[in-house]
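These are my notes from a reading of one protein structure. I record below what I looked up, entry by entry.

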Amino acid sequence: MKTKTNYSGIKGILKFITTIISWTALIILIILAAFFAYYMLGNRLAEKNGSKFEPIISLYTIISPSMTPNINVGDVVVAKKINGPEDIKVGDVITFISTSSISKGMTITHRVTEVNQAKNGYNYTTKGDNNITPDTSPAEYDNVIGKVILRVPKLGKVQNLVANQGGWLVIVIIPALFIIITDILKVFKLVRVKSKVEKIDQAEILKKKSKKRHEEKRKEAIKKRLNIEKNEYEPDPIKVQKNTKIIEVGKNKSSLNTKNNSNPNPKSNSKSRKNKKKKKR
């Protein structure tokens, strides 16, 4: 038994997969472009303004396993600037500048285990989810950068990959080339479709013209045939007049003949009358 391959279904599936891949690559490129643009802008503003620079949204890549399994190495956290001490509660994850002797000046992302109110302001006891003991120094309110509102898994690894020369080739250039090639193929396909449509339109126009010519010829032929039939069934009036005259002349001759036949011999008629009178007597 012979089977026929459904190429239309296969083409549809391949087209669907290609569309998903192209759109996914485009979205990733847009996210990466926005991420790196904001990251570079933030770094430049921080270098220019120093501690005075306080962005509303900050992005930080996790490089230590102190917050695993909730926040892993290579994840990117998004920290939002807080408006006041009351915005931070126990259980929140905050990003702050450490004042501890072990990690002084480093940016730390840990969970708040206690809120403290001192004479000089608020401070927060913090601890990593994977650490046994809390941090040696509390996080001062003035050193808090923001509260973590979002975690993007493994985005930091993409950042490290893009930082290398080979990473740009894999992450940016190849998807960009794929999108460009796909768009070029779409343009060629549209050109082919347009040429096919134009050919079909021309064929339809020629077909309509030939159909119109054929219809005109058919009407002319019918008209000629009707004229011929009309000439055959409607005799010429001059001939009709001649024929009627001949018929009238013929009638007159026949009437004369009938009169002549009715009285061919008037003498014999008189004799017969005389004989009839004698018999009566």
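How much accessible surface does the protein have, and what share of it belongs to carbon and sulfur atoms? I noted about 22500 Å² for the accessible surface, with 60% belonging to carbon and sulfur atoms. I keep in mind throughout that this model is predicted.

Entry on burial and contacts. I found that 21% of the 281 residues count as buried. I then turned to contacts between residues at least 6 apart in sequence, and 53% of these join residues at least 24 apart.

Entry on the overall layout. I listed five helices and seven strands. Along the sequence I read the pattern α-β-β-β-β-β-β-β-α-α-α-α.

Entry on the sheet. I traced the seven strands as an open sheet with antiparallel pairing, in the order β1-β2-β7-β3-β4-β5-β6. Strands β1 (57–61) and β6 (139–140) stand at its edges; each has a single partner strand, so one side of each lacks a neighbour in the sheet. I next examined β3 (residues 93–97) and β7 (residues 144–152), which form an antiparallel pair over three bridges. Opposite Val-144 in β7 I located Phe-96.

Entry on the surface. I looked up a nonpolar patch formed by Ile-173, Leu-177, Ile-180, Ile-181, Ile-184, Leu-185 and Phe-188, and its accessible area together is about 670 Å². One of its members, Leu-177, I placed in helix α3 (residues 165–233). Why does Leu-177 count as partly exposed? Its relative accessibility is 45%, and partly exposed covers the range between under 20% for buried and over 50% for exposed.

Key: Residues numbered from 1 in each chain as written. Predicted model: local features only at pLDDT ≥ 70, side-chain atom pairs only at ≥ 80, totals over all residues. Heavy atoms only, no water. Patch = residues over 30% accessible without salt bridge, like charges linked within 9 Å, V, L, I, M, F, W, Y side chains within 5 Å. Areas by Shrake-Rupley, 256 points an atom, 1.4 Å probe, with all protein chains shown as cover. Salt bridge = Lys/Arg side-chain N within 4 Å of Asp/Glu carboxyl O. Helix = DSSP H or I, 4+ residues; strand = E, 2+ residues; numbered from the N terminus. Buried < 20%, exposed > 50% of the residue type's maximum accessible area, 1.4 Å probe, protein only. Pairing = 2+ DSSP bridges. Contact = heavy atoms within 4.5 Å.
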